[in-house]
Amino acid sequence: VRGAVGIQGVLRVRNASLSTERRMDFRIGIHMGDVAAKGNRIYGDGVNIAARLESLAEAGGVCISATVHEQVRNKLDVEFTDLGDQTVKNIPNPVRVYRVQPQSQPEASARASTPPDKRPRRLHRLLVATATGLLLLGLGLWASWPRPLGLLIDLAGVGAPPVDPPLPDKPSIVVLPFVNMSADPDQEYFSDGMTEELTNALAQHSGLFVISRSSAFSYKGKAIPVEDVGRELGVRYVLEGSVRKAGERIRVTAQLIDASTGFHLWSEQYDRGLAAVFDVQSEIANEIVTALQIEVRNTELGRAVYARTEDRRAYDALLKGWSHFERFTRDDNAEARRHFQRARELDPSFGTPRAWLGNTYVVEYVMGWNRDPGLLERGETLAREALEHDPTSFFANIVLANIHNARGEFEEALASADKAIELNPNFDVPHGVRGLALLGLGRPLLAMQSMRRALRLNPKPSHTITAGLLGAVNYAAGNTDRAVEYWQQSRSANSDMIVARIGLAAHYESVGRHPEARTLVQEILRVNPNLTAEIANSMFLRRDEWPTLLRQAGLP
């Protein structure tokens, strides 16, 4: 109760200096009673009565129940006004309510009778103390810069992936990698494709919270209890299964598990012809939506499966392309491009391969393997062709957002990213792309919100993301040690990761670790012999001192 009165007092002083539209008025209700916790939400009569008391309070006021009044009436220097028994919604018995006065009447009278000549002196002392405090705060922030930004990034949760995040306020699920049960281990791409398709099918339902493919695949090949998976990813449900592909037949098993209890909510086995693979994916997605009682919007109907084609060879080529693309190396990117092009040729009306084909050109440019601007033009053409075939392609919009960001067209990038999020609210990539666009527009706080959302959807990001996002964010904020750690991880995981090597080379040169910086530059030139210090700086953080540092380390 003392805290509630103090909060309202602070807000009252604050509001006095603000215009009407900028004031913040709150009502507070306090009750003592049973509370039941479930995940990150609380229930029970104690919560319900407190909520009703809040609605009875005046703006800027506090109301308490008789239960609370009995405990505090003789212990606080405040006054209580008995409002009598009140009948409130969803509570069977009347509730005795008391209004808490922010100060006792004698104090109010004493303040009102204070001689006028003393008030200005008190106000003057208050202003001097406030100004002194602000000056000291400003000096402290200046002396520790840029750590305040680093602290803000830590508080916003964008400096590192979340650890054991709480459950969202909607049904949450992760699709673990389906196990390849085929006799041929080369069929792994097909079971991975099934996982990708189911993730995308579920992610397009706004009533669900779906963990990204990247985080799901961090568990591939590992025997980890579903309870641990649920805790680490912050989800309630886990979908797992297997795929057996033999000739023109497929056998798919799937089971939905409540990670909080280990209880199997639903399971099914499908034995179909290969041509029915899309039907199987749609049926599984629909069964999950039904089991979790998700309300499906009209705009989400008909978008259950991401990729559609009647040509099985085209679909097979698409899956093979995905399996190479996700590795983010120069050779795998070229191989993925070959498969996407093959899928496009086999079914010219199949829009999905066009978007992915366009993305291979964008990735080649953004990763620094080739900085020819013509790559972005080629990628844009293919992405727009994909949208002509399928206006609901969220991935084509992501490709366009990446292109606009690479060109510095941040407003256009933001619009494309927002469209992708509208079409697929659970895909982490457009949230991260949106954050980069907002940073380019000079809106860091909004950018942090988008990046935090991306990390919540993808709490176990790939090394590509940690290099391009987490490393850059932490370095810009002064969290140098953490940035270096992320860059080193990406460097070890991917021999073609130029971005991480640029940051490491510039940093090591700046701190006098010249041999290591030169080694990194040689690794960069091995991947792209034509890269210069100016181009390297333009494709990453754009630090004024970096071109000089990179040239000192040996980059032309």
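**Exercise 1.** How many of the 16 residues of helix α7 are buried?

*Solution.* The model is a predicted one. In α7, 15 of the 16 residues are buried, so that the helix is mostly covered.

**Exercise 2.** Determine what span helix α7 (residues 188-203) should have at 1.5 Å a residue, and compare it with the model.

*Solution.* The expected span is 1.5 Å times one less than the number of residues.

**Exercise 3.** Describe the packing of helix α11 (residues 312-325) against helix α13 (residues 351-366).

*Solution.* Two packed helices are described by the angle between their axes and the distance between the axes. The axes of α11 and α13 cross at roughly 25° and come within 11 Å. Because angles under 35 degrees count as roughly parallel, α11 is roughly parallel to α13. The crossing is left-handed. On the α11 side the contact is made by Leu-318, Trp-322 and Phe-325; α13 contributes Thr-352, Pro-353, Trp-356, Asn-359, Thr-360 and Val-363. By class, six of these residues are nonpolar, three are polar and none is charged.

**Exercise 4.** Classify the arrangement of helix α21 (residues 498-510) and helix α22 (residues 514-527).

*Solution.* The axes lie 8 Å apart, at an angle of about 155°. Angles over 145 degrees count as roughly antiparallel; α21 and α22 are therefore roughly antiparallel to each other. Their crossing is left-handed. Contact residues include Ile-498, Arg-501 and Tyr-508 of α21, and His-514, Leu-520 and Val-527 of α22. By class, the contact has 10 nonpolar, one polar and four charged residues.

Notes: Residues are numbered from 1 along each chain as its sequence is written. This is a predicted model: local features need pLDDT of at least 70, side-chain atom pairs count only at pLDDT 80 or more; totals for chains, interfaces and linings use all residues. Side-chain values use heavy atoms; hydrogens and water are left out. Helices (H or I, at least four residues) and strands (E, at least two) are DSSP runs, numbered from the N terminus. Buried means under 20% relative accessible area, exposed over 50%, partly exposed in between (1.4 Å probe, protein chains only). Axes are lines fitted to C-alpha atoms, for helices over the stretch in contact, and angles run from 0 to 180 degrees between N-to-C directions. Angles under 35 degrees count as roughly parallel, over 145 as roughly antiparallel, 65 to 115 as roughly perpendicular and the rest as oblique. A crossing is left-handed if the near helix is turned anticlockwise from the far one by less than a right angle, and right-handed if clockwise. Contact means heavy atoms within 4.5 Å. Ala, Val, Leu, Ile, Met, Phe, Trp, Tyr, Cys and Pro count as nonpolar, Asp, Glu, Lys and Arg as charged, and the others, Gly among them, as polar.
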